[in-house]
Amino acid sequence: MSTFWNLWIVGFVTANIIFIAWLLYATSSGKKSDQPAGPETTGHIWDGDLQEYNNPLPRWWLAVFYASIVFAILYLALYPGFGNFKGLLGWSATNELQGQEAEGRLTTARVLAKFDGKSIAELAADPEALGVAENLFAANCTACHGADAHGNKGFPNLARPDLSWGRSEAAILATITAGRQGVMPAWKDILGTESVTRVANYVYSLSGRPAPDITAAAAGAQTFATTCAMCHGATGQGNLRSWAHPISRVDTGSMAAHWRQSKNPLAMAGAIKCPRGENCSGSKKSGYSQPTSTVSRHLP
Ligand code: HEC
Ligand code: HEC
């Protein structure tokens, strides 16, 4: 706080307290009525004969008022509030928050301590550990993977039996610990719209569904073998070592959705042209050029 505002607040608060104390004193120490004719009146008269008495304020009421002034002075002496003065107790909102945070961390550490050294299999069989983990999932993962872990558009369903990056404990641990960055290059500029539509028809048929355009799908098969199979596997089953992504699953209902981006050939073509709905109308997608150049050597 600058000196000006410090002085402003100190001056303002002091003046206020003095003014209120004076006001109380001035109004309460009113003159005793010296008219034997009865209580003093303010001189206001309503309805012809209704008069307003000018009696002193009740004692208890005044006492409460004086007490509140004493309270204010004590408060300002003990706690911050009087300009830059920090208060005799040294209390601060920041310290209080830090204290609460430290307490929270201790509680968390205490809760988690009993799970130390247990294997994932042991934890998975422990209802208490699962409860804690469920909370962690709700707080950190549901925004992308959905409250029931079944995924959202663009984010994988974690409740399916085959995970792209592997289902072993070690693989899942590695996924969560270090993250995964499987990013598909945009094929729009490399293959051209027509070729993308053909390969999309073929990819659609990989799930065992009839392709909407059988001729296009047949033509797309070749592109798939030369351009896509290196990452997605010969039958679209995915390929762990090169950022596998199984793309031949049937979507057995919205809950078991496996496709992240695309469930119909049209949307799928969009996903192949511009993965993740990014605007790739410009030149190449950034940050992922090596596989693109490898791939373009195989272009039909
Ligand atoms: C900001 C969004 C986001 C959040 C939050 C998030 N994830 Fe993910 N997660 C993704 C994306 C995107 C992928 C796919 C990455 C890829 O395949 O390259 C993924 C992949 C995964 C995978 C691998 C799936 C597979 O098929 O192999 C697991 C397991 C996973 N996440 C678990 C979690 C857990 C546990 C949390 C919470 C601690 C979490 N995720 C939070 C976006 C998110
Ligand atoms: C360099 C490896 C690589 C190549 C080559 C590749 N992909 Fe992909 N593809 C991926 C990855 C990784 C993902 C997951 C991307 C994501 O979710 O961000 C993906 C996702 C997809 C999806 C979306 C899957 C879903 O769950 O919705 C489709 C469809 C797809 N690819 C089709 C193709 C086609 C067709 C080709 C060939 C023209 C191709 N891919 C070539 C790596 C590749």
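The average pLDDT of the protein chain in this predicted model is 80, and 78% of the residues reach a score of at least 70. Two stretches call for caution. Where pLDDT is low, the predicted coordinates should not be read in detail.

Two helix pairs may be considered next. Packed helices are described by the angle between their axes and by the distance between those axes.

The pair formed by helix H1 (residues 3-28) and helix H2 (residues 59-78) has axes that come within 11 Å and cross at roughly 165°. Because angles over 145 degrees count as roughly antiparallel, H1 is roughly antiparallel to H2. The crossing of these two helices is left-handed. On the H1 side, the contact is made by Val13, Ile17, Ile20, Ala21, Leu24 and Ser28. H2 contributes Leu62, Phe65, Tyr66, Ile69, Ala72, Ile73 and Leu76. Sorted by class, the residues of this contact are 12 nonpolar and 1 polar, with no charged residues.

The second pair has another geometry to examine. Helix H9 (residues 193-205) packs against helix H10 (residues 214-232) at an angle of about 90°, and their axes are 7 Å apart. Because angles of 65 to 115 degrees count as roughly perpendicular, H9 is roughly perpendicular to H10. From H9, the residues Ser195, Thr197, Arg198, Val199, Asn201, Tyr202, Val203 and Ser205 take part. They meet Ala216, Ala217, Ala219, Gly220, Ala221, Thr223, Phe224 and Cys228 of H10. The class count for the contact of H9 with H10 is 9 nonpolar, 6 polar and 1 charged.

The surroundings of the ligand remain to be described. Ligand 1 is surrounded by 17 residues, and the closest of them are Cys141, Cys144, Leu163, Ser164 and Gly182. Helix H6 (142-145) and helix H7 (169-178) are the elements that give two or more residues to this shell. In the shell around ligand 1, 10 residues are nonpolar, 6 are polar and 1 is charged.

Notes: Residues numbered from 1 in each chain as written. Chains lettered and ligands numbered in written order. Predicted model: local features only at pLDDT ≥ 70, side-chain atom pairs only at ≥ 80, totals over all residues. pLDDT = per-residue confidence, 0-100. Near = placed C-beta within 6 Å. Helix = DSSP H or I, 4+ residues; strand = E, 2+ residues; numbered from the N terminus. Nonpolar A, V, L, I, M, F, W, Y, C, P; charged D, E, K, R; others polar. Axes fitted to C-alpha atoms, helices over the stretch in contact; angles between N-to-C directions. Parallel < 35°, antiparallel > 145°, perpendicular 65-115°, else oblique. Left-handed = near helix turned anticlockwise from the far one by under 90°. Contact = placed C-beta atoms within 7 Å.
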